[in-house]
Amino acid sequence: MPPVPIIAVVDDDQAIREAMDDLIMSFGYECRLFSSAEEFLKFEEQAAIDCIVVDVKMPGLSGIELQSELNRLGSHPPMIFVTSYEDERTRNAALNGGAFAFLRKPVNIGALMGCLESALGQQP
């Protein structure tokens, strides 16, 4: 039996983290929650993460800055950005940095799950 994919949720809003946790687990995935980009970067088991769902605007490092840091460090799992703050420059920065998807909050559940399934399907 293949291992259950692990999805990291990086968002400073506790209610969003909890809602994403419930949603992701309801689809049969495991979930790890992080309240900041810095907390995720300190996580020693990053290699176990199969996909990252990340907010754009957070105190400290933004989601875009997290993406840049992970790109600098080398290989990382697909990143799906979810944000209530959207402008073309931010969207382009995320997509040009290699984001798998850029979704607007409140996120469409079907769109998010479709993106997760597609992103996980690209894993080796």
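Predicted model: local features only at pLDDT ≥ 70, side-chain atom pairs only at ≥ 80, totals over all residues.
**Entry 1. Strand E1 and its faces**

I checked the total for the strand, which spans residues 6-10: five of its five residues are buried.

**Entry 2. Partners of E1**

Next I looked up the strands that pair with E1. Strand E2 (residues 30-34) pairs with E1 in the parallel sense, over five bridges. Within this pairing I found alanine 8 opposite arginine 32 of E2. Strand E3 (residues 51-55) also runs parallel to E1, and four bridges join the two. Here I noted valine 54 of E3 as the bridge partner of valine 10. I then followed the chain from E1 to E2: with helix H1 (residues 14-26), these two strands make a right-handed β-α-β unit.

**Entry 3. Salt bridges**

How many salt bridges does the model hold? I recorded a count of four. Side chains of opposite charge can pair when their charged atoms come close.

Glutamate 30 pairs with arginine 32, and their closest N and O atoms are 3.1 Å apart. I looked up the accessibility of both residues. Glutamate 30 has a relative accessible area of 33% and is therefore partly exposed. Arginine 32, at 30%, also counts as partly exposed.

In helix H3 (residues 63-73), I found a salt bridge between the side chains of glutamate 69 and arginine 72, at 2.6 Å from N to O. The two residues are three places apart in H3, about one turn of the helix. An α-helix has 3.6 residues a turn, so residues three or four places apart point the same way. Glutamate 69 is partly exposed at 24% relative accessibility, whereas arginine 72 is exposed, with a relative accessible area of 60%.

Aspartate 55 forms a salt bridge with lysine 105, with 3.5 Å between the closest N and O atoms. Aspartate 55 belongs to strand E3, while lysine 105 sits in the loop between strand E5 (101-104) and helix H5 (109-121), so this pair ties together parts that are 50 residues apart in sequence. Are these two residues buried or exposed? Aspartate 55 has 6% relative accessibility and so counts as buried. Lysine 105 is buried as well, with a relative accessible area of 16%. I also noted that Asp11, Asp55 and Lys105 are linked in a network of salt bridges.

**Entry 4. Aspartate 12**

I located aspartate 12 in the loop between E1 and H1. At 35% relative accessibility, aspartate 12 counts as partly exposed. Leaving aside neighbours within four places in sequence, I listed its contacts as Arg17, Ser35, Asp55, Lys57, Met58 and Pro59. I then took the distance to glycine 97, which is 85 residues away along the chain: the C-alpha atoms of aspartate 12 and glycine 97 are separated by 21 Å.

Glutamine 67 lies in helix H3. With 1% relative accessibility, glutamine 67 counts as buried. What does its side chain reach? I found the backbone oxygen of glycine 97 at 3.3 Å from the side chain of glutamine 67. Not counting residues up to four places away in sequence, glutamine 67 touches His76, Met79, Phe81, Ala93, Ala94, Gly97, Gly98 and Ala99.

I then inspected both ends of helix H4 (residues 88-96). At its start, a side-chain oxygen of aspartate 87 comes to within 2.9 Å of the backbone nitrogen of arginine 89. Just after H4, glycine 98 has a positive phi of about 105°.

Cysteine 31 is in no disulfide, and the nearest cysteine sulfur, that of cysteine 51, is 10 Å away. For cysteine 31 I noted 11% relative accessibility, which counts as buried. Cysteine 115 is likewise in no disulfide, its nearest cysteine sulfur being that of cysteine 51 at 8.8 Å. Cysteine 115 is buried, with a relative accessible area of 15%. The cut-off that rules out both pairs is a sulfur separation within 2.5 Å.

Terms used. Residues numbered from 1 in each chain as written. Heavy atoms only, no water. Polar contact = N/O pair within 3.5 Å; in protein donor to acceptor, adjacent residues only side chain to side chain. Buried < 20%, exposed > 50% of the residue type's maximum accessible area, 1.4 Å probe, protein only. Contact = heavy atoms within 4.5 Å. Pairing = 2+ DSSP bridges. Right-handed = clockwise from strand over helix to strand, strands pointing away.
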